[in-house]
Amino acid sequence: MSVHMSSTSRVSSFICASCLRTLGQARRPRLPASLVSSTAASSTAPPRTNPAASRRNVRSFLTSRPVPHTSQSTALRRSFATDLTPSSSLRPATRGLAPLPNRRLISLSGPDAAKFLQGLVTNNVDSNRQSPFFSAFLDARGRVLWDVFIWTYPELSAKEWACYIEVDAAEVEALGKHLKKHKLRSKIAIKTVDENGIGVYSAWGFSQEELQDQSLIASLEDPRAPGFGIRCLFRGNGDLSGAVKPPFPTLDPLQYTLRRYLFGIPEGQSEIPRESALPMECNVDLSDGIDFRKGCYVGQELTIRTKHTGVVRKRVLPVQLYHDDDPVPQNDEEPTFEPAFDQLVAPGSDIKQLDREGTIKKGRAAGKLIGNIGNVGLALCRLEMMTSMRVSAEGGSWRPGVQFGLQRSDGSDAQPVRIKALIPRWFREREKALWDNSKGRTGVRSERATALNSPSPIS
């Protein structure tokens, strides 16, 4: 689709004297060198300029210029998960294969590839490791730059260790520059993989044996949540003409986003802002994405210090939205999807506690909405304010019956949209197993047991 602009909309009603002089000089015909000296000698005063004529010349010049056409790639803004509005017929798919066009690959190879990557990512990279894994890049302050999958397998590393780094498609160039900045004298090769060559997919409802096909390059049971699905690399991107398609019917990518929200899994820069969130807040640790025993890497200092203190006060959780006249969701572990729910809230909205009349209290926000599809979404939540979890000895302000809400995006004075944070069972189990032995958590175990047995926060 090309975008055209009328000529009148591009002409300013006022043109300054400086522009008139510059344009007049540019449009004035050049005289032969033999005439320049005689003309200059015979002219004792500068020629007068007719403002009306000059403006006519400017308009003629501007309207005679060709109007650049906007290409389809720039005219169509990239769709993020938080921009998507579901149709009333959308239902979570229980089985399928979804293409992920918003993910791209960077190839990393060379004799020093494993050693080089070991100093940049949170998970352990070993030249003997022949299976893909989840990880993250951090900055020097310990903030997440990119959440990534590192794809390595025997066929790729037959001669020497190599891998594909899967990252958000909009961040391929930025990650490539980051790798080259740290390359120095390392013997490595960095190359962006053609999106026509390899496609990233997510499958659920299949076993890995069922996915075996000649077009399948590698697969990985997604470690970010049990039962979430299987991540796959297929030769060719099924959305592009002429490429090899997987031997299964594919789903709309919206189904994958919806499934992530139901499981409480953030992904990409629209949900994990670069240089903003800590890896534990994004559950990278619970996703088997951090090796706390590995050696030095960029951002390790704050990460290991947080592990020793044992306190992570904010985490991304699945949330369920509901109206003030709806019953409070009874399920504390899994959201119930309702596609017809009105899109009345905006990503980035603060979550605050409600008073007894259902109005938003003033004070500190309890969380921030990341995105939603219908009535389910993701939010960065203060655990001890929005849930019954205890992560510190002093505890938090959560009490049974407390409710939280979001300001409506339409600016109306209607009741706020209610929101409830949910804690999947696997989340509690992984968090307890990983963090209960930390130094700062020794006095929390008895409180944790009490919190787990306390009634759900309903009114």
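Two rings of Phe, Tyr or Trp form an aromatic pair if their centres lie within 6.5 Å. In this predicted model, a search of the whole structure finds 7 such pairs.

**Aromatic pairs**

- The ring centres of Phe137 and Trp146 are 5.9 Å apart and the ring planes stand at 80°. Planes over 60 degrees apart count as edge-to-face, so the pair of Phe137 and Trp146 is edge-to-face.
- Residues under 20% relative accessible area count as buried. Phe137, at 0% relative accessibility, is therefore buried, and Trp146 is buried with a relative accessible area of 3%.
- Trp426 and Phe427 also make an edge-to-face pair, with 6.0 Å from centre to centre and 70° between the planes. Both of these residues, Trp426 and Phe427, are buried.
- One aromatic cluster is formed by Phe228, Tyr256 and Phe263.

**Charges over rings**

- Arg95 is placed over the face of Phe206, at 4.0 Å from the ring centre.
- Arg224 has its charged end over the ring of Phe134, 5.8 Å from the centre of that ring.

**Helix α8**

- Helix α8 spans residues 300-309, and its buried residues are Gln300, Thr303, Thr306 and Lys307. These residues lie on the same side of α8 because they cover an arc of only 135° around the axis.
- On the face of α8 turned away from the buried side are the exposed residues Glu301 and His308.
- Gly310 follows α8 and has a positive phi, near 80°.

**Strand β13 and its partners**

- Strand β13 (residues 376-382) is mostly covered, since 5 of its 7 residues are buried.
- β13 pairs with strand β10 (residues 314-322) in the antiparallel sense, over 7 bridges. Within this region, Arg315 has Cys381 of β13 as its bridge partner.
- β13 also pairs with strand β12 (residues 367-373), in the antiparallel sense and over 6 bridges. Gly371 has Leu378 of β13 as its bridge partner.
- A hairpin is formed by β12 and β13, with 2 residues between the strands. In the turn, Gly374 has a positive phi of about 65°.
- In a regular strand, side chains alternate between the two faces of the sheet.

Methods
Residues are numbered from 1 along each chain as its sequence is written. Side-chain values use heavy atoms; hydrogens and water are left out. Buried means under 20% relative accessible area, exposed over 50%, partly exposed in between (1.4 Å probe, protein chains only). Helices (H or I, at least four residues) and strands (E, at least two) are DSSP runs, numbered from the N terminus. The arc is that of the directions from the helix axis to the C-beta atoms. Two strands pair if DSSP finds at least two bridges between them. Rings of Phe, Tyr and Trp (its six-membered ring) pair if their centres lie within 6.5 Å; planes under 30 degrees apart count as stacked, over 60 as edge-to-face and the rest as tilted. A charge sits over a ring if NZ of Lys or CZ of Arg is within 6 Å of the ring centre and within 35 degrees of the ring normal.
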